[in-house]
Amino acid sequence: MIPEATQVPDCNLCGSPSKGIVVGNKGRFGMDVRNIACSECGLVQISPRPDHAAMMDYYRGTYRQHYGDVRYPVAGGGTAGAGEPGYDAALEAWHRNQAANAIALGGTQPGARVLEIGCRHGRTLTLMREQLGIEAHGIEPGPEEAEMARRANVQCSTCTLEEYAAEQRFDQIQLFHVLEHFHDPLAQLIRLRALLAPKGKLVIEVPNVYQPYGALEENFFQNVHLYSFSPNTLAALCRRAGLRPLHVLDRGALFAVAASDGNPESALPRPWSRELLPSREEDAAWVAERLATYARLEHERIAFRVQGPSIEALERITQLLARPGFPNHTADCVAEMSEFFVQHGSPRAAGVIAMAASVGPHPPELKHAFRELARVAAEQASRAVGASLG
């Protein structure tokens, strides 16, 4: 059973009443999931949402029936689930990549005391231990996975972060795709700050709302992702929690590395101010406009792959490419569609795509790349005409 959305929370970042611009009304599997961009700070969050007790019941019950077992990318493309060919190798590669990220981002030192929130069966921690001899600790609410972690010699507690009774502090705390599930991520970051050793670092990975994956409402938005963070809002949330962002990396996923800012715990959370946002121009309207462009352009991109091009579709796509969008997504769409037209002997259409994007409100370096692509496509089209006349 899908938990009922009965709670209308204040914004977790700025504390303002739950109001803003609606950026989605659906989530994966056609679930009713209303996401808004907060009118004060731009944080994207579900409102209304199920309360904490209802979500805990959901995780213990039908969550896995809806989302199934986790699938991992395999070499050569595609994904594999449990019991399918290539699954074990894909899972191992996933954890090796996660361990490498944790070490690189956290600057993990040999023998460091490391705590992972939601450590599952502890494989990432054991890989870090094999490389650096870390002291591996974990929190995992799933009893079976927590027991697997303990069998791998990870000091794992079967509980949630709220229930965790720490007897020590940690040189590094890491959580991968966990923060977006918390009802109160601000309070949890304050809790994690208190668990850091004096020079400890917090390593966070979450989905990146500035780089969604797949269709926005049909795939990226999910009923279990109560928050969709951006580099802007995640950095501000860390600051309110008394954490100093050291690095915020806008990649396919969103990574943040933070340390205590040294303020007394009694002063937390820090008072809200728009000055906490690295970029104050990225308000609700800014976020909503780009998510709308993304959603429409991604639908056109998917239809393009399935149905092929048409004059009507090309007109819609060129209009969307001239709108404010997310640079990486815009660039990917232009590259994919231009390559298709060039390979199918239509460089003029490729030039139309690139030229439309070159006049959009995109970063200067991207606009320059689009203009160059349009120039090359025009030259190819000219040569093609000349060859046909000759």
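Colleague: In β8, what is the bridge partner of G138?
Modeller: That's C156. Keep in mind this is a predicted model, where local features need pLDDT of at least 70, side-chain atom pairs count only at pLDDT 80 or more, and totals for chains, interfaces and linings use all residues. Residues are numbered from 1 along each chain as its sequence is written, and side-chain values use heavy atoms, with hydrogens and water left out.

Colleague: How do β7 and β8 pair, parallel or antiparallel?
Modeller: Parallel, over 3 bridges. Strands here are DSSP E runs of at least two residues, helices are H or I runs of at least four, both numbered from the N terminus, and two strands pair if DSSP finds at least two bridges between them.

Colleague: And which strand pairs with β7 over 5 bridges?
Modeller: β6, residues 113–117, also in the parallel sense. R113 stands opposite E135 there.

Colleague: Is β7 mostly covered or mostly open?
Modeller: Mostly covered: 4 of its 5 residues are buried, meaning under 20% relative accessible area with a 1.4 Å probe, protein chains only.

Colleague: Switching to the whole sheet, what's the strand order?
Modeller: β8-β7-β6-β9-β10-β13-β12, an open sheet of 7 strands with mixed pairing. The edge strands are β8 and β12, each pairing on one side only.

Colleague: Which strand does β10 run antiparallel to?
Modeller: β13, residues 253–260, with 6 bridges joining the two. V203 stands opposite V257 in β13.

Note on methods:
Buried means under 20% relative accessible area, exposed over 50%, partly exposed in between (1.4 Å probe, protein chains only).
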